[in-house]
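User: I have a model open and would like to go through some of its local details. Could we begin with one side chain and then change topic?
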Amino acid sequence: MADRAADCIFCAIVAGEAEAQKVYEDERLVVFMDAFPVAEGHLLLVPKRHSKDLFETEVEDLRALIAVSKDMAEAIRSELAPEGIFVCQLNGAAAGQTVFHYHMHLIPRNPGDRVRPGSQHGRIRGDPAALVRVAARLAAAL
Ligand code: 5GP
Ligand code: ZN
């Protein structure tokens, strides 16, 4: 598996060639705001090394990503105080995957919200200024 795939938007974000509101970065992974959030604080955790899905992703990247997911969930909880946090990761178009570079979603949830991840995500672009503000709050909470 090459580190980078051509025409992959997440590889372009990792390389700094496409814009994203980053919250966290280390040698293995980057965390940024979903540009089409289904809830305020919707985060994507993305290994830097390109892999299509769970099956292709190195276990060391997965371990690092799970550990960071806990820190991110803590930051979401302390800054945004949702009643719950939905964690999901889609493999294959049949499962609803639309970007074929492995990633995990963290989605704050509250009773009565109308989020339906896996079927209606990634449709409405978030307000860029709001994404910048929330990214800064979450980064500061780490
Ligand atoms: P998937 O359906 O593959 O699990 O989720 C892909 C996610 O990537 C969607 O929630 C979608 O909103 C998000 N996304 C797609 N393109 C971009 C982009 O260019 N930048 C960012 N930050 N998120 C994106
Ligand atoms: Zn990629």
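User: Which backbone oxygen does the side chain of Gln 97 reach?
Analyst: In this predicted model, the side chain of Gln 97 reaches the backbone oxygen of Val 99, at 3.0 Å. A polar atom of that Gln 97 side chain also lies 2.7 Å from the backbone nitrogen of Gly 92.

User: Where does Gln 97 lie, and is Gln 97 buried or exposed?
Analyst: Gln 97 is in the loop between β4 and β5. The residue is buried, because its relative accessible area is 5%, and buried means under 20%.

User: Which residues is Gln 97 in contact with, leaving aside neighbours within four places in sequence?
Analyst: Gln 97 is then in contact with Lys 52, Asp 53, Leu 90, Asn 91 and Gly 92.

User: On to the metal. Which residues are the protein donors of the zinc ion (ligand 2)?
Analyst: The protein donors are Cys 8 and Cys 11, through SG, together with His 50 and His 101, through ND1. They lie 2.0 to 2.3 Å from the zinc ion, and their spacing in sequence is C-x2-C-x38-H-x50-H.

User: Which parts does the pair Cys 8 and His 101 tie together?
Analyst: Cys 8 lies in the segment before α1 (9-14), and His 101 in the loop between β4 (84-88) and β5 (104-109), so the pair joins parts 93 residues apart in sequence. Cys 8 is buried, at 9% relative accessible area, and His 101 is buried at 0%.

User: What is the geometry of the site?
Analyst: The site of the zinc ion (ligand 2) is tetrahedral, with angles of 101 to 117° among its four donor atoms. The ideal angle for four tetrahedral donors is 109.5 degrees.

Note on methods. Residues are numbered from 1 along each chain as its sequence is written. Chains are lettered from A and ligands numbered from 1 in the order in which they are written. This is a predicted model: local features need pLDDT of at least 70, side-chain atom pairs count only at pLDDT 80 or more; totals for chains, interfaces and linings use all residues. Side-chain values use heavy atoms; hydrogens and water are left out. Donors are N, O and S atoms within 2.8 Å of the metal (3.2 Å for Na, K and Ca); water is not among the atoms, so sites may look incomplete. Four donors count as tetrahedral if all angles lie between 85 and 135 degrees; four count as square planar and six as octahedral if opposite donors are over 155 degrees apart and all others between 65 and 115; anything else is irregular. Helices (H or I, at least four residues) and strands (E, at least two) are DSSP runs, numbered from the N terminus. Buried means under 20% relative accessible area, exposed over 50%, partly exposed in between (1.4 Å probe, protein chains only). A polar contact is a pair of N or O atoms within 3.5 Å; within protein, one must be able to donate a hydrogen and the other to accept it, and residues adjacent in sequence count only if both atoms are side-chain atoms. Contact means heavy atoms within 4.5 Å.
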